[in-house]
Amino acid sequence: MATVVIAPDSFKGTCPSERAAAAIARGWRSVRPDDVVTEIPQADGGEGTLACVRRAVPGAELRAVPGGTVTGPAGSPVPGVWLDLGDGTALCELAVVAGLHLMPALDALAATSRGLGEVIAAAIDAGCERLVVAIGGSASTDGGMPVLEALGSRRPPVGGAVVLTDVTAPLLGPSGAAAVFGPQKGASPAQVEALESRLEAVAARLGSDPTAPGAGAAGGVGYALLHWGATLTPGAAAVARITGLAQAGVAADLVITGEGRFDAQSRTGKVAGHALDAFPRVAVIAGEVAADPGCWSVSLTALAGSAEAAMAAPEHWLERAGALAAGQPWAAVRSPGVAP
């Protein structure tokens, strides 16, 4: 009998991490029904972080901001919520209130991060002692100035503020927020230049170090919150600690992780990359496997015959992948990032 932990990220746009974990688990159990299988859905500080933590932390409660809404990324109201972990800690997720998926149409120049500042302000005003802010999945590239404007004179709570980032990008330059992530948010080459100029102005105004790893996260929100007094930390590892994966994964015979696309970026702050570095035996299930993870892996696109077929029925193919994983000589599979 083996101990298996199933800990995927969401398969963006097709399947949230909780449903992905459940589907993989069904597939595994169909082949090895006597194994101890634990589902611990994950996130990297981006979309789905709040849901993962809420599922994993007993007693965690969702709180609404006064009035119920905050400023959405396109300027119209969206529901404003944060998670009370029950120990004085508040978790706020940018993607819930200012995520790219909330834009009715991509608008890289106009999208705003203000809603995140409004949610953080509500959590501080409610008396939180510690703050955790997940900032992946943003729609904006505004340097986080609207966040600081919404916070006004508020400072981080007495227990501090930790910002979970899903990238290590600096604020400026060819590997920065505008150049790398602006096009993903709809920016044309000319708009990327305009966004870079905007971020340079923010850096000149605030004066903090724009080269700090993660400063470019969420279009510069990482930079703004660093200036505010928060600490930046890799989101995948932090979520693993909060949800219990860090402990369970080390003790497990096998950790199955996954995401929509496994590629070179997966090793720079994503859930799958963290699992490969942290746990003794890992298997990877991805919508597409575009880089060798160094362990057993399977592509849903390959299983289904096409990306379109895989995306049309993701849970079916995730279940098939889980069954396929269960039939492998997994005891011989070792993560390349962890010594025996």
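**Cysteines and salt bridges**

Mentor: Searching the whole structure turns up zero disulfides, a disulfide being a pair of cysteine sulfur atoms within 2.5 Å. Cys 92 is in none; the nearest cysteine sulfur belongs to Cys 128, 7.2 Å away. Cys 92 is buried, at 0% relative accessible area. Here buried means under 20% relative accessible area, exposed over 50%, and partly exposed in between (1.4 Å probe, protein chains only). Cys 128 is buried too, at 11%.

This is a predicted model: local features need pLDDT of at least 70, side-chain atom pairs count only at pLDDT 80 or more, and totals for chains, interfaces and linings use all residues. Residues are numbered from 1 along each chain as its sequence is written, and side-chain values use heavy atoms, with hydrogens and water left out.

Now the charged pairs. The structure holds 18 salt bridges, each a side-chain nitrogen of Lys or Arg within 4 Å of a carboxyl oxygen of Asp or Glu. One of them joins Asp 9 to Lys 12, at 3.8 Å from N to O. Asp 9 is buried at 3%, whereas Lys 12 is partly exposed at 48%. Arg 32 bridges to Asp 35, with the closest N and O atoms 2.4 Å apart. Arg 32 is partly exposed at 26%; Asp 35 is buried at 9%. Glu 61 and Arg 63 meet at 3.2 Å, N to O. Glu 61 is partly exposed at 41%, and Arg 63 is partly exposed at 32%. Shared partners also link Glu 18, Arg 29, Glu 39 and Arg 55 into one salt-bridge network.
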